[in-house]
Amino acid sequence: MDKYECCICGYIYDEAEGDPDNGVAAGTKFADLPDSWVCPTCGTDKDDFDKI
């Protein structure tokens, strides 16, 4: 599974972990996140994330 980093604040979205605090199950691919999902730390949208 891949990881993606927020270019604004450095938050790491790990596909293996998901974002359970915001209703995203473990194993959810970054591409499958809903368009309404934003960085849980700074609130930026998915366009500001890069694969690491």
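Is D14 buried or exposed? D14 is buried, with a relative accessible area of 12%; buried means under 20% relative accessible area, exposed means over 50%, and partly exposed lies in between (1.4 Å probe, protein chains only). The model is predicted, so local features need pLDDT of at least 70 and side-chain atom pairs count only at pLDDT 80 or more, while totals for chains, interfaces and linings use all residues. Residues are numbered from 1 along each chain as its sequence is written, and side-chain values use heavy atoms, with hydrogens and water left out.

**Overall build**

- The protein has three strands and zero helices; helices (H or I, at least four residues) and strands (E, at least two) are DSSP runs, numbered from the N terminus.
- Read from the N terminus on, the order of elements is β-β-β.
- For 52 residues, a compact globule would have a radius of gyration near 10 Å, and the protein agrees with its 10 Å. The radius is taken over C-alpha atoms, and the globule rule is 2.2 Å times the number of residues to the power 0.38.
- Along the principal axes, the C-alpha atoms fill a box of roughly 25 × 20 × 15 Å.
- Of the 52 residues, 33% are buried.
- Among contacts with a separation of 6 or more, 42% come from residues 24 or more positions apart. Contact means heavy atoms within 4.5 Å.

**Surface and charge**

**Salt bridges**

- The structure holds three salt bridges. A salt bridge is a side-chain nitrogen of Lys or Arg within 4 Å of a carboxyl oxygen of Asp or Glu.
- One of them joins the side chains of K3 and D14, at 3.9 Å from N to O. K3 lies in strand β1 and D14 in strand β2 (residues 12-14), so the pair ties together parts that are 11 residues apart in sequence. K3 is partly exposed at 39% relative accessible area, whereas D14 is buried at 12%.
- K51 and D2 form another, with 3.4 Å from N to O. This pair links distant parts of the chain, 49 residues apart: K51 is in strand β3 (residues 49-51), and D2 is in the segment before β1 (3-6). K51 is exposed, with a relative accessible area of 53%, and D2 is partly exposed at 27%.
- K29 and E15 also meet in a salt bridge, at 3.8 Å from N to O. Both residues are in the loop between β2 and β3, 14 residues apart. K29 is partly exposed at 37% relative accessibility, but E15 is buried at 2%.

**The loop between β2 and β3**

- E15 touches M1, D2, Y4, A26, G27, T28, K29 and F30, leaving aside residues up to four places away in sequence.
- A25 has its place in this loop as well. A25 is partly exposed, with a relative accessible area of 49%.
- A25 and E15 are 10 residues apart in sequence, and their C-alpha atoms are 8.9 Å apart in space.

**Strand β3 and the segment after it**

- D50 lies in strand β3 and is partly exposed at 42% relative accessibility.
- Not counting residues up to four places away in sequence, D50 touches K3, Y4, E5 and C7. D50 and Y4 are 46 residues apart along the chain, yet 5.3 Å separates their C-alpha atoms.
- I52 lies in the segment after β3 and counts as exposed, at 52% relative accessibility.
- With residues up to four places away again left out, I52 touches K3, Y4, E5 and I12. The C-alpha atoms of I52 and D2 are separated by 7.5 Å, although these residues are 50 apart along the chain.
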